[in-house]
Amino acid sequence: MNALTQTANRQTILIVDDSEMNRAILADMLGNEFDILEAENGLEGVAMLQKHGPEISLVLLDIVMPEMDGFGVLNMMNKYHWIEDIPVIMISAERGSSHIERAFELGITDFIWRPFDALIVRHRVVNTILLYAKQKKLTAMVAEQIFEKEHRSSLMIDILSHIVEFRNGESGMHVQHVHTLTETLLKVVIQKTDKYHLSQTDITVISTASALHDVGKIAIPEEVLNKPGRLTDEEFAIMKTHSLVGANMLEALPSYQDEPLVRFAYQICRWHHERWDGRGYPDGLKGDEIPISAQIVALADVYDALTSQRVYKPAFSHEKAVSMILNGECGTFNPLLMDCLRDCADDIPRALDGDSFEERSRRELQNVARELHKHEELTASERTLELLEHERMKYSFFASLTQEIQFEYTVTPSSLILSTWGAERLGLPEVLMDPYQSMEANAIINAADRDSLADTLHSTTPGNPVVTYDCKLHLGGEDRWHRIIARASWSSEEPPRYTGCIGKALDTHSSRLQMEHLEQEASHDALTGLINRAYARKRIAERLADRPTGRYALAILDLDYFKSANDTYGHMFGDQVLKFLAERMRRSIRGGDIAARVGGDEFLIFLEYKDDLESTIEGIYNRVSGGVYEDFKISVSMGVASTEIVDGDYETLFRCADEALYVVKNSGKGHYSYYQKEHAPVGADISAVSPIDSEETKHDSEEAPK
Amino acid sequence: MTLQECYAAMGGNYDEVIGRLRSEKLVQKFVLKFLNDGSYQLLLDSLAAGDREEAFRAAHTIKGVCANLGFDVLLASSEALTEALRDGRPPQPGEADLIARVEADYARTRQAIQAYQEGAGG
């Protein structure tokens, strides 16, 4: 019955009820028309909502449930605004009116009482889904209509203004020029003053409305409008009516009076022939009695008239037009606008030049973008959900393609969502509520790793939320190394709150083993299998730093007469002897001790001791030295330095042990001795260690330096 | 034994449930399913463990299922017990009687269904 995918016409209903019987009865009642999702408590219900989002058309919600009750679910749905798009019908045997009231306050659409009546349940479910679908459709329709209207009005402006121009016999550019000049001047105005309270939107709307400034000329008789030569006074009086006629036309659009576009267009039509000194028409307004929109369009209109050729005059140059306006030859304008004109005079030719078709389209595109933006606000929730749904779809598609363990952890409610492949690999369900309490989950990652990972994620910041963590996961009966890459999610509130994380776990087991193998190769001596000098130095330094108060001893061992073994029996034999000695050393030391090959026939032992160093060293020496390997007599010289005598680091210990060895070598070999302070000053230029990999040494044994 | 006789034996309201669920097949399916519902066992277990909150939920679920299936006798006794357990109320005198009644009514309901199941041949 659980259908995870929603086919085109089928609606998905989520039933949240702790009784399996009740869920089954409801599912049966709803029959085959719907896809049913089931959750057996509130937490699971919330996880389902989180996972399936707007796929879910309706929630049937019980009140009394373990983990999280129905009110808890409603609270979460409110918190995440799901309730705005997903209707909820509450189902309960609870008859108390306080319950019902609270449920309705939390946004449920309907209430159904037990015992269910099959017919009622069915009808209410269908009605609720239809109602919500209708609402969504209505919202979309309203948005569409607003867009249509704006679109039509801008089309209407275009058509009207062009009709005027055609009748006017003008170039067709006049309207565009006025538009551009208006916009250019307005931008300067708002930089200079805010006394007109103009917003960026006002600039756009006024510029658009400017196209209608001469719309009243439609009513002017053809012979007056296009009369070659100067108009008579009578004709001019007729001509002057166009401003009022245009305003009246706009006023006759009763249903659009609240539109800013219509409001500005009215001002522009009526008053774009008024002048600052009150000598304009039709109303003889003065100064700022004239709306700023009309003042600016008037200026733009005059400029374009001056620079255009008319039947009664040639086209003036830009410079000439500007100076004529500034000199007051075309009537008096607002001094502030004169300043603005001066400021932008140089920009005007370029702006008008750019007033090409492309420029216009670009501007229109911007307008459309602005309109779309407005609509987005209108249907934000639905659009956002659609986008989210798209993202979710993309995510699950890609997740299904990769063989990776991908996860998403949410703190409240505590839940872990796994990719399908990941869930299969881990042997966990795709949605796991309360993973901290899950035995299955805890069997996969050990608690220390889990908590340490959580701590690391908690200590990230919203600016730097990504964490890499290596640990072993127990999968398919074995521990395998994984690299967990996770991104913490932080809420946008102040201070930000940790809300969970997303991430993936990559199986790095084989590459890690390979690394370990390489590390082993790099740190070990190939012949004897003991660690090499560099690695020994590192580990000893670590031990010393780890517990500086401990008592430690370092011994350097040298195989006596080794050169003659090589010379007599060959290098193969020599290697066998070294391996033999290494094996003896391995057997003579305790678990925590360190044995290393320093180089050539020299070895090193590092150990920690409590009280009796003497007997420990004696024991080691006796196990290592003496006896024969085939015919070769095994004799070892050994120098020992302890932290009781030598106060210092690895280098110092090594040098002192080396010095003690030097003394042994010079006094007959085949025994060992301790470094004593009186021997020589530390760091004296004597050493028994061959220079094979020791730069600090000077060799003085019977073998020639190699 | 018919389903109607089964309802009579347990003290249920057959006509009412058929009126609501509108299909004898559906009713039959869920009546038989009632035998496997774990809520009753959960009620006993949580009462024994002293978990009154869980016991409330279990009693509440039984009540809801009985209401849906028209098991009127068990509905009445489970409803009384649900109210006694509501909001973590401490045990009142007479609660043992309420529990005993639920046990008796549950046994009666169960017997009736089992008899019907055998009679219905499976």
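Two residues count as in contact if their C-beta atoms, placed from the backbone, lie within 7 Å. The model described here is predicted.

**Sheet in chain A**

E14(A) and E15(A) run antiparallel and are joined by five bridges. Within this pair, Ala595(A) stands opposite Ile605(A) of E15(A).

| Element of chain A | Residues | Source of interest |
|---|---|---|
| Strand E14 | 594-599 | antiparallel to E15 |
| Strand E15 | 602-609 | antiparallel to E14 |

**Helix H3 in chain A**

H3 of chain A spans residues 70-79. Its buried residues include Gly70(A), Val73(A), Leu74(A), Met76(A) and Met77(A). These residues lie on the same side of H3(A), because they cover an arc of only 160° around the axis. After H3(A) comes His81(A), with a positive phi near 65°.

**Chain B**

Chain B has seven helices and zero strands. From the N terminus on, its elements therefore read simply as α-α-α-α-α-α-α. Chain B holds 122 residues, of which 39% count as buried. Among contacts in chain B with a separation of 6 or more, 59% join residues 24 or more positions apart.

Technical notes
Residues are numbered from 1 along each chain as its sequence is written. Chains are lettered from A and ligands numbered from 1 in the order in which they are written. This is a predicted model: local features need pLDDT of at least 70, side-chain atom pairs count only at pLDDT 80 or more; totals for chains, interfaces and linings use all residues. Two strands pair if DSSP finds at least two bridges between them. Helices (H or I, at least four residues) and strands (E, at least two) are DSSP runs, numbered from the N terminus. A residue is buried if 20 or more other C-beta atoms lie within 10 Å of its own, exposed if 12 or fewer, and partly exposed in between; C-beta atoms are placed from the backbone. The arc is that of the directions from the helix axis to the C-beta atoms.
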